[in-house]
Amino acid sequence: MHSQRQPALLVRNISKTFNGNTVLSGCSIEVKSGEIHGLLGQNGSGKSTLVKILSGYQPPDAGAELLLSGVPVHFPVSSASVRDSGLAFVHQDLALVDELSVLDNLFVGRYGAGLGRPVPTRRLAAQARSALAQFGMQIDPGRAVSTLSSGDKACLAIVRAFLDVDGHESPALVLDEPTARLDRAEVERLFTAMRAAAARGAGILFISHRLDEILTITDRVTALRGGVVTGEANTANCDEDSLIELILGERLSSIYPPSSVVPGAPALTVAGLTGDTVLGLDLEIRAGEVVGLTGLPDSGADAVPYLLMGSRRATASAAELDGATFDVARMPISQRIRSGLALVPGDRAEQGAALGLTVSENVSLLRLREFVRFTFLNPRKQRTEVGRLLADFDVRPQRPNAVMGVLSGGNQQKAVMAKTLATAPKVVILHEPTQGVDVGARRLIFQIVADLSAQGTAVLLVSVEHEDLARLSHRVIVMRNGVVGAELSGDDLVKERIAEECLRTG
Ligand SMILES: Nc1ncnc2c1ncn2[C@@H]1O[C@H](COP(=O)(O)OP(=O)(O)OP(=O)(O)O)[C@@H](O)[C@H]1O
Ligand SMILES: [Mg+2]
């Protein structure tokens, strides 16, 4: 449509080396004006590093070029200069300042522009309100970002990116896994906004591990493997299998492992679980059973993991874990862990990972007791165990002393799983376990679920990925309005039926 124009974003020959470790090597990508361009690649392939270089957060190695609508921008770039040239970002970690208000986060980069003049707060607040409303958000711009839900934070970062380039003739937007924390309705809103921006001439670079999203929204794709561009394709010529081949360099047979486990005795029995959006849930999971739990936002499904684990307060519930009374309303979290319950939370940055500690410290956190002998840590035992866990969970790079925050997003997720499952729990709750992980790691996580089940561990899989639920679970519980709306098993255990039951009212 805008083919006569210069590409909205053109990068050439981007390389990046950290302490002798080459993460990107001679990457070139062209995003045309009016085009939605997918950037594909396994966890750790260098996608976010490229994004950070474009935003000026990190300098590239020598020789890199960046052109925006044909105009060269010289490295090192500053965040203000790229924004003024019409380039905006949603970063994988969102890059919001929690302590500041929504309004300040939306406009913080621009307050400096009118130095000495008072900030026109009222006008900006009105502008913020209307931009947020366009994205379906009715939040007070004065609210501290720390009080927002993780979905709202992601939406805020998206609104900011669109605002940053508002009015620019041929802007470029770079979105690093923007959908990872969004629900289906929010993803639809984002896609509508992306299509509208592209129709006005924007070029959009879109990163996602969800291949259905890539097939739905992109016009073209570029794949990175080990920091090198390994292929480009028109999306119209692709299907899920060919995208997987582009990403991994090989075809995959099924990503779902076969399982024939027959569940045993009840491992966890919960009656009348109440608290947050949950209004009385009865639940039983047997040893070796995989129970799927899902529902629309506010159905209560996504509160269940945190009520059971104790990070949100339950007001009532009678429960038994492995034959012993389990006081869901009052038990301290540490005691729940000792009783055999484990949770891999959905929001790893906030609840799962200590980003400032090393990978080894993170992975050992829940088992420190075992590594402590006579009040001294037994470092050799810890090293061996951590090494084994990192290998089992395919955490890359396998360097226990790396700081957790330096790992790519998907590798942090695998490390959080390693940490949680290292306690050999009897009941495991997995909340969106494949969020942000690449297709190879997804297959690994599904295999871990099957292995847990085969070992007799009870698994509660809380997710909005209907296909995964249908393929991995013995049965799926669909919540509506805080209670069980439907239970599906046997021939009804298909993604279409799950979606239908989620949407049914009453
Ligand atoms: N500041 C840093 N110091 C050292 N290594 C780093 C640093 N930042 C990133 N890396 C390494 O660069 C590699 C690429 O990471 P990057 O975050 O770009 O991957 P990604 O493709 O975005 O992965 P994901 O899909 O998991 O988000 C990883 O091996 C990571 O550990
Ligand atoms: Mg990344």
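**A sheet and its helices**

Author: A place to begin is Gly 295, which stands opposite Met 479 in strand 21; please keep in mind that this is a predicted model.

Reader: How many bridges join strand 13 to strand 21?
Author: Strand 13, residues 290–295, is joined to strand 21, residues 475–480, by five bridges, and the two strands run parallel.

Reader: OK, and in what order do the strands of the open sheet come?
Author: The open sheet is formed by six strands in the order 16-19-20-13-21-22, with mixed pairing. Strand 16 (341–344) and strand 22 (483–488) stand at the edges with a single partner strand each, so one side of each has no neighbour in the sheet. On average, and ignoring direction, neighbouring strands of this sheet are turned by 20° against each other.

Reader: Switching to helices, which strands does helix 15 lie across?
Author: Helix 15 lies across strand 16 and strand 19 (427–431), and runs at about 175° to strand 16.

Reader: And how do the axes of helix 15 and helix 16 cross?
Author: The axes of helix 15 (residues 409–421) and helix 16 (residues 439–454) come within 12 Å and cross at roughly 15°; with angles under 35 degrees counting as roughly parallel, the two helices are therefore roughly parallel to each other. Their crossing is left-handed.

Reader: Which residues make the contact?
Author: Helix 15 contributes Lys 414, Met 417 and Leu 421, while helix 16 contributes Ala 441, Leu 444, Ile 445, Ile 448 and Leu 452. Seven residues of this contact are nonpolar, one is charged and none is polar.

Notes: Residues are numbered from 1 along each chain as its sequence is written. Chains are lettered from A and ligands numbered from 1 in the order in which they are written. This is a predicted model: local features need pLDDT of at least 70, side-chain atom pairs count only at pLDDT 80 or more; totals for chains, interfaces and linings use all residues. Side-chain values use heavy atoms; hydrogens and water are left out. Axes are lines fitted to C-alpha atoms, for helices over the stretch in contact, and angles run from 0 to 180 degrees between N-to-C directions. Helices (H or I, at least four residues) and strands (E, at least two) are DSSP runs, numbered from the N terminus. Angles under 35 degrees count as roughly parallel, over 145 as roughly antiparallel, 65 to 115 as roughly perpendicular and the rest as oblique. A crossing is left-handed if the near helix is turned anticlockwise from the far one by less than a right angle, and right-handed if clockwise. Contact means heavy atoms within 4.5 Å. Ala, Val, Leu, Ile, Met, Phe, Trp, Tyr, Cys and Pro count as nonpolar, Asp, Glu, Lys and Arg as charged, and the others, Gly among them, as polar. Two strands pair if DSSP finds at least two bridges between them.
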